[in-house]
Amino acid sequence: QVQLVESGGGLVQAGGSLRLSCTASGSIFSINAMGWYRQAPGKQRELVAAITSGGSTDYADSVKGRFTISRDNAKNTVYLQMNSLKPEDTAVYYCNADHSDARGNEYDYWGQGTQVTVSS
């Protein structure tokens with residue numbers, strides 16, 4: 001079992017910045033891709049950014065140029081630096097990790113979510 005713990009959410013004014021962190025712990029064998037998703041009220045959960053174990057990244061069009069995802073494999077931690085925040089970025093942000101066990105079975109794990117609120 002793998003646990004993901006997020007931190008760094010909060011309230012910020014439009015144009016401000018926040019940095020989210022997510023650390024994986026537990027019975028870790030191999031973490032493959034890690035990512036951040038978000039879900040606003042009344043909307044579906046959507047991918048914000050993802051990063052592979054090798055460092056390749058992918059971003060939603062709405063955050064390109066403003067958000068940066070990074071990870072520290074030694075610490076099993078993924079970060080999301082969010083700059084130039086907009087009110088439409090307001091959502092609960094969830095950390096996700098794709099984990100493989102020693103037998104090669106893959107499992108998806110999710111964090112509990114952290115609220116990001118951007119005021120106009």
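These notebook entries record what I looked up in a predicted model.

**Basis.** I number residues from 1 along each chain as its sequence is written.

**Entry 1: the core.** I began with the largest nonpolar core, which has 30 residues. I take such a core as a set of buried Ala, Val, Leu, Ile, Met, Phe, Trp, Tyr and Cys residues joined through side-chain atoms within 4.5 Å. Buried means under 20% relative accessible area, exposed over 50%, and partly exposed in between, with a 1.4 Å probe and protein chains only. W36, L80, M82 and Y93 touch the most other members. Among the elements that give two or more residues to this core are strand 1 (2-7), strand 3 (18-26), strand 4 (30-39) and strand 9 (91-100). Helices (H or I, at least four residues) and strands (E, at least two) are DSSP runs numbered from the N terminus.

I then listed the contacts of M82, leaving aside neighbours within four places in sequence: G16, S17, L18, L20, R66, F67, Y93 and V116. Contact here means heavy atoms within 4.5 Å.

**Entry 2: F67.** I found F67 in strand 7. F67 is buried, with a relative accessible area of 3%. Beyond four places in sequence, F67 is in contact with R38, V48, Y59, L80, Q81, M82, N83, L85, D89 and Y93. I also noted R19, 48 residues from F67 along the chain, with 9.4 Å between the two C-alpha atoms.

**Entry 3: D89.** D89 is placed in the loop between strand 8 and strand 9. D89 counts as buried because its relative accessibility is 0%. The side chains of D89 and R38 are joined by a polar contact of 2.9 Å. For such a contact I require a pair of N or O atoms within 3.5 Å; within protein, one must be able to donate a hydrogen and the other to accept it, and residues adjacent in sequence count only if both atoms are side-chain atoms. Residues up to four places away aside, D89 touches R38, R66, F67, S84, V116 and V118.

**Entry 4: aromatic rings.** How many aromatic pairs does a search of the whole structure find? The search finds two. Rings of Phe, Tyr and Trp (its six-membered ring) pair if their centres lie within 6.5 Å; planes under 30 degrees apart count as stacked, over 60 as edge-to-face, and the rest as tilted. The rings of Y37 and W110 have centres 5.0 Å apart and planes at 65°, so I record the pair as edge-to-face. Y37 lies in strand 4 and W110 in strand 10 (residues 106-110), so the pair ties together parts 73 residues apart in sequence. Y37 is partly exposed at 24% relative accessibility, and W110 is partly exposed at 36%. The pair of Y107 and Y109 is tilted, at 6.5 Å centre to centre and 45° between planes. Y107 is partly exposed at 40%, whereas Y109 is buried at 14%.

Technical notes. Predicted model: local features only at pLDDT ≥ 70, side-chain atom pairs only at ≥ 80, totals over all residues. Heavy atoms only, no water.
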